Structure formats: C-alpha cells, structure tokens
Amino acid sequence: METTNNYDCSHIAMTYTGLASLLILGDDLRRVNKHACLEGIKALQLPDGSFKSSYDGSENDMRFIYCACCVCTMLDDFSAINQATATNFIMKSLCHDGAFGQGPGHESHGGSTYCACASLQLMGRLTTTLSPKQLKRLEYWCISRQRNGFNGRPHKDDDTCYSFWVGASLKILGIFDLVDFKENENFVLSTQDIIVGGFAKWPQINPDALHSYMGVCGLALMSLHSLQPVDPTLNISERARLHMQTLHEQWAVARKHKEAVSRVRTKSGGSTLDRTHAGTVALAFAIGLGSVIIPWVFKAYFSKS
Amino acid sequence: MSSSSDEEEVYQFYRDRAEWSDVKPIPQDDGASPVVQIAYSDKFKDAFDYFRAILHTNEKSERALELTQTAISLNPANYTVWQFRRVILQHLKKDISEEMNYLSKIIKEQPKNYQVWHHRRALVEWSRDSSKELEFTEKIIKLDQKNYHAWQHRQWVIQEFKLWDNELTFVDSLLEQDLRNNSAWNERYFIIENTTGFTDQVVNSEIQYAISKIDIATKNESAWSYLRGVLGDRSLTWSKELRDQVTAWRNDGLKSPYLVAILIDFYEEDLENKKCNVGETLGKVKELCNELANETDTIRRKYWKYVLHRLIKEYQENEP
C-alpha cells in the first residue's frame with residue numbers, strides 16, 4: 001500500500017542520533033547516502049548561520065548548529081555547511097555574562113553553552129574564535145554552575161543532565177579536572193531511583209531515559225564506576241568515536257586510491273574501460289579456474305575413499 | 001435515562017465515526033524488527049492511523065483540522081501534526097485569533113514544549129498582530145519566572161514589533177519580587193543593548209544600578225555578572241567608581257566570593273598594565289585565592305588554585 005506523504009522529511013536531531021547510533025552499533029555507514037544526508041543538512045542552514053530542524057520549518061537555535069556539526073564530523077565532511085556564518089551566529093549568542101544562549105540576546109544556559117562549545121570545537125575553531133579573555137569568562141561561568149551537582153543557569157536548582165552539559169563543556173575547555181568530583185558524584189547518585197534504577201533530574205522524582213543517559217555520562221566524565229570514557233564533543237563513547245576514526249581512515253584510503261586511478265586514466269590518455277574490462281575478465285577466469293582446481297586438489301589428496 | 005445536560009461526551013474512535021468511513025487508516029510501519037517499541041494506547045493508534053491517512057491524501061478539510069486537534073492532545077510534541085495543522089489553517093483561511101485562543105490554552109498546559117511556541121510565532125508572523133503577546137508571555141512568566149521559551153518569544157516579539165517602551169519597568173517589577181532572577185537581569189541587558197546601547201553614560205548609570213542591587217544581596221551572581229557585562233570591552237579599571245566601591249566593600253569585611261573574584265580580576269589588570277609591584281600584587285592574589293579555596297568558595301578550591309597558579313606562571317616567572 002502506498003503510504004508516502006509530502007511531509008515525510010528528515011529531522012536534524014534524528015539525523016545526528018541516527019548516525020551516532022549506527023556508529024555505536026559498529027556499523028560501517030556503507031548504507032548511508034552520505035551525499036543526500038549532507039545536502040539535507042545544507043538545506044537547513046539559515047542566512048543568519050543557525051539551522052532549523054526540518055525543511056518544512058521549525059524553530060532555529062544553538063541545538064541544531066550542534067547537530068549539524070556532529071553530522072559533518074561523523075561523515076567527515078564539512079563542505080555542506082557555512083562554518084563562517086554558523087560561527088558568527090554562535091558568537092552573536094555570547095551573553096554579557098560570558099556564556100552562550102540559544103540565540104542572540106537570549107539568556108546563557110548550560111545546554112546552549114555546551115552546544116556552542118562543542119560546535120566550535122568540532123569546527124576546530126574554539127581557541128581561534130574566542131579570545132583568551134572570553135575563554136576565561138566562559139571557564140568561570142561553567143565552573144560556577146557547580147553547587148553540588150550542576151545547574152544550567154545561575155540560581156536554578158541542580159539537575160543531573162547538567163553534570164553532562166556543563167561537565168562536557170568544562171572537558172572541552174580543558175578544566176574538567178577542577179570540578180569537585182565527590183560533590184558531583186553524590187548529587188548524580190542522589191537522583192538515582194532506588195527501586196527501578198535510572199536517574200531523574202532531581203532526587204525523589206521519577207527517572208527518565210534522558211536523565212538516565214545524562215547521569216551515566218556525567219559519571220563517565222569522571223571515569224567513575226568502571227564506566228567507559230565518553231567523548232565530550234560528539235556525546236558518544238570513546239570506543240564509538242575510535243570506530244568512527246577507523247572508518248574515516250578507510251574512507252581516506254579509498255579516496256586516495258580513487259584519485260590515483262583517475263590520475264592514471266588522465267596519464268594514459270586511452271580508454272581505461274578496455275583496461276579494466278580486461279582486468280575483470282582475467283579475474284573472473286582466475287576465480288573460475290580456482291573454483292574447479294581447488295576442490296579437485298582437496299578431493300584428490302584428502303578424500304578417504 | 002440521563003438527561004442531555006448530565007450526559008458526558010463519550011469519545012468515539014475515528015474508526016467508529018460514520019463521517020470517517022471513507023478513509024482507510026494507515027498503521028505505523030516500524031519495520032520488520034522493531035526495537036524499543038512504544039506501547040501506544042488504542043486511542044493513540046486510532047487517531048494517528050487516521051492522521052497518517054489524511055497526510056497521505058493531503059486532505060485539508062475541517063474534519064482534518066479536528067483530527068489534528070485530537071493528535072495534538074495525544075502528543076503535542078509531534079511537529080508534523082503542527083506543521084500540517086498550519087497548512088490546513090492557511091488553506092481554510094481560518095480565523096487566527098480563534099486559533100490563538102486554542103493555542104494559549106495548550107501552552108498553559110505545556111509551557112516547556114518547543115512546538116507550541118513555534119506555532120505561536122508562526123501565527124503572529126501571519127497575522128502581524130502582536131497585541132496579545134506581552135500580556136500572554138507575562139502570564140506564563142508569572143507561573144514560571146524563568147520559562148526559557150516564554151522569554152525567547154517575548155524577546156522576539158519586542159524586537160520584531162519594537163515594543164521596547166515598558167520593558168524596563170516590567171524587568172524592575174520582576175527583580176522586586178526576586179532579585180536573583182537571572183532571566184530578568186538578562187532581559188535588562190537585552191533592552192538597553194537594543195535601545196540606548198551601552199554608551200559611557202549608560203554604563204556608568206548601570207554600574208550604579210548593579211551596585212545598588214548588590215548592596216541588598218551581596219552574593220547575587222546575576223548582579224555581579226551584570227556589573228561586569230555592562231562594561232563590555234572596557235577594562236574593569238575604566239570605572240574608578242567601581243574600583244572604589246569594590247575596595248570599600250572589601251574594607252567593610254564583605255566576603256562574597258563574587259567580590260573577591262572581581263578583586264582578583266582588578267589585580268590581574270594591574271599586572272597586565274604593569275601598574276603595580278608584581279610580588280606584592282601576587283601576594284594579595286594568593287591571599288584572596290586561598291580565602292576562596294579554603295573558606296568561602298570551597299567547592300571551587302581546585303579552580304582558585306588554578307587561577308593563582310596561572311597568574312604566578314604568567315607574571316612572577318616572567319619577572320626580569
């Protein structure tokens with residue numbers, strides 16, 4: 001039954017989490033249409049440098065710049081996005097108190113600060129875009145978010161997820177080791193549900209998947225409880241990030257080989273179609289011959305009859 | 001037999017509604033091996049099976065509009081439903097103010113949902129009618145003084161329709177209720193930045209404003225951040241009054257960690273501008289960092305040790 005519709009389009013956060021999930025599962029991304037994926041991301045960038053989440057229209061803010069940077073990182077291709085305008089939007093969102101809001105003029109917040117720091121880091125522009133003075137103010141704002149655990153804005157309550165959002169920002173800034181690990185750990189564990197497990201935003205309220213994930217990541221940043229290390233920029237485990245790196249190395253080799261082949265073509269001048277065709281025929285013959293000879297050898301020498 | 005006034009409206013599944021009998025519902029296709037499947041209720045499945053059907057045929061009718069309302073009540077975060085509802089509203093040329101009344105009720109129930117606020121912005125963009133927006137966002141802010149979506153929408157409306165006039169008064173009233181409302185402090189900065197701008201005169205008066213608020217609550221991070229923030233690219237020492245005030249507070253025995261932090265920054269500027277005796281200044285910085293690390297801001301003791309070490313490394317080791 002035909003069930004398509006005109007509103008079946010991608011969502012940038014799902015693209016990010018979909019690719020991240022594939023990497024976590026050890027997939028080689030061979031079945032991902034990378035070109036289409038990147039064109040889709042490109043289509044979501046707005047003139048002010050920020051991104052909306054889907055083609056039909058949505059709000060636009062720091063979250064989706066982060067998603068775009070992650071997708072480009074995972075597919076090892078930043079050509080689809082305008083990094084200059086994205087960086088411009090990020091910097092316009094720098095607040096008077098030294099951290100980042102969701103957009104220009106908006107209040108600085110742990111979540112948007114993470115998205116801004118991680119995006120700049122993924123684009124390789126963190127220390128070239130922020131001045132030493134700006135970096136110092138940002139460090140101070142982030143480290144000031146710790147009361148026991150972390151909050152997301154001054155004078156708000158601690159919330160488990162900020163142990164990741166702010167913790168990871170501090171990791172990116174290189175000063176996570178300055179955090180009071182014990183107080184942070186105690187807070188996160190205090191939000192653990194003693195009956196069903198999992199973590200909640202605050203102690204004694206119902207746990208949920210998001211805060212459980214963030215609680216685990218918040219603890220993993222401190223290398224506690226035998227948790228795997230987590231990459232603070234992509235928000236996946238180090239293991240998954242290394243797998244991604246391996247894929248990128250393989251893609252780089254494949255690209256170099258392709259370029260070499262194309263250089264040979266241009267050099268020879270003649271049709272390489274004949275050359276490759278001849279090669280294919282030779283290979284097919286070798287395989288065919290091998291498929292006859294090898295079983296015969298096996299039968300002749302190892303058969304007990 | 002109950003009278004009609006006692007009768008409760010019984011919800012009818014779309015599959016049982018005569019007026020929907022021409023539509024073939026489309027079930028959700030989770031593929032051959034679904035993982036972490038959501039346990040949808042029958043009501044949910046029924047409504048969304050029919051929603052998928054109208055999406056497929058692109059039906060933009062009154063009954064389709066009603067169906068989006070049901071879908072929204074079941075999952076107000078489904079952005080596709082909201083998107084299609086906007087398409088239908090435009091197609092049927094529906095009354096925006098009526099839609100706004102409906103939306104306002106939903107926002108009050110779901111004030112932290114992104115989709116409802118985006119829908120509100122879309123409606124205001126279509127109608128170009130901002131007349132209800134300040135009042136509405138004020139209502140939401142009264143329920144939750146720091147609702148990020150409400151503040152975002154409010155800022156957009158103010159900027160788009162140039163409704164700056166009474167905003168400072170609004171901010172002041174919020175700070176009267178809670179001096180530590182960081183959203184209100186941010187709003188103050190936003191208004192001034194976009195109206196008078198931070199001219200030297202304005203910076204001086206805003207420094208006085210922040211000082212007056214710090215006098216009331218000396219450990220108010222928002223007020224201290226605002227104080228630094230209004231200076232912009234100017235150095236701390238640009239304002240003699242600020243330095244004098246900070247020194248006076250310190251002499252009064254004030255131990256607010258934010259006061260001590262700004263003092264350290266003053267000393268850092270002195271070191272940078274080579275306007276002091278290095279050894280003596282670093283000695284003062286050490287005293288302050290130790291006070292923070294050991295007494296007044298112990299959770300950040302490692303940070304304050306790092307700050308001290310950074311300054312010593314930069315200035316003492318480079319002493320000729």
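Let me start at a residue on the outside: A:Ile195 is exposed, with a relative accessible area of 77%. Keep in mind that this is a predicted model. Where does A:Ile195 sit? In chain A, in the loop between helix H9 (181-190) and helix H10 (209-220). A:Ile194, A:Ile195 and A:Val196 form a nonpolar patch on the surface. Together, the three have about 430 Å² of accessible area.

Stay in chain A, and move along to A:Ser226. This residue lies in the loop between H10 and strand S3 (230-231). Its phi is positive, about 55°, although A:Ser226 is not a glycine. Buried or exposed? A:Ser226 counts as exposed, at 76% relative accessibility.

B:Asn58 is placed in the loop between helix H1 (42-57) and helix H2 (62-74) of chain B. With a relative accessible area of 25%, B:Asn58 is partly exposed.

Now salt bridges. How many are there over all chains? The count comes to 37. I will take a few of them.

Take A:Asp76 and A:Arg255. Their side chains meet in a salt bridge, 3.9 Å from N to O. The cut-off is 4 Å, so this pair counts. What does the pair tie together? A:Asp76 is in the loop between helix H3 (62-74) and helix H4 (83-92), while A:Arg255 is in helix H11 (residues 238-268), so the bridge links parts of chain A that are 179 residues apart in sequence.

Next, a pair within one helix. A:Glu238 and A:Arg241 form a salt bridge at 3.0 Å, N to O. Both are in helix H11 of chain A, three residues apart, which puts about one helical turn between them. Why does that spacing matter? An α-helix has 3.6 residues a turn, so residues three or four places apart point the same way. A:Glu238 is partly exposed, with a relative accessible area of 22%.

Over to chain B. B:Glu59 forms a salt bridge with B:Arg63, and the closest N and O atoms are 2.7 Å apart. B:Glu59 counts as buried, at 17% relative accessibility. B:Arg63 counts as partly exposed, at 21%. The line between those classes is 20%, so B:Glu59 falls under it. In chain A, there is a network: A:Glu59, A:Asp61 and A:Arg63 are linked by salt bridges.

Last stop, helix H14 of chain B, residues 278-296. At the start of H14(B), a side-chain oxygen of B:Asn277 comes to within 3.1 Å of the backbone nitrogen of B:Gly279.

Which residues of H14(B) are buried? Among them are B:Val278, B:Leu282, B:Val285, B:Leu288 and B:Leu292. B:Glu291 is on that buried list as well, and so is B:Cys289. What do the buried residues pack against? Three helices of chain B: helix H12 (240-251), helix H13 (257-272) and helix H15 (301-316).

Technical notes
Residues are numbered from 1 along each chain as its sequence is written. Chains are lettered from A and ligands numbered from 1 in the order in which they are written. This is a predicted model: local features need pLDDT of at least 70, side-chain atom pairs count only at pLDDT 80 or more; totals for chains, interfaces and linings use all residues. Side-chain values use heavy atoms; hydrogens and water are left out. Helices (H or I, at least four residues) and strands (E, at least two) are DSSP runs, numbered from the N terminus. Buried means under 20% relative accessible area, exposed over 50%, partly exposed in between (1.4 Å probe, protein chains only). Patches are made of residues with over 30% relative accessible area and no salt bridge: like charges are joined within 9 Å, nonpolar side chains (Val, Leu, Ile, Met, Phe, Trp, Tyr) within 5 Å. Accessible areas come from the Shrake-Rupley method with a 1.4 Å probe; for residues, only the protein chains shown count as cover. Contact means heavy atoms within 4.5 Å. A polar contact is a pair of N or O atoms within 3.5 Å; within protein, one must be able to donate a hydrogen and the other to accept it, and residues adjacent in sequence count only if both atoms are side-chain atoms.
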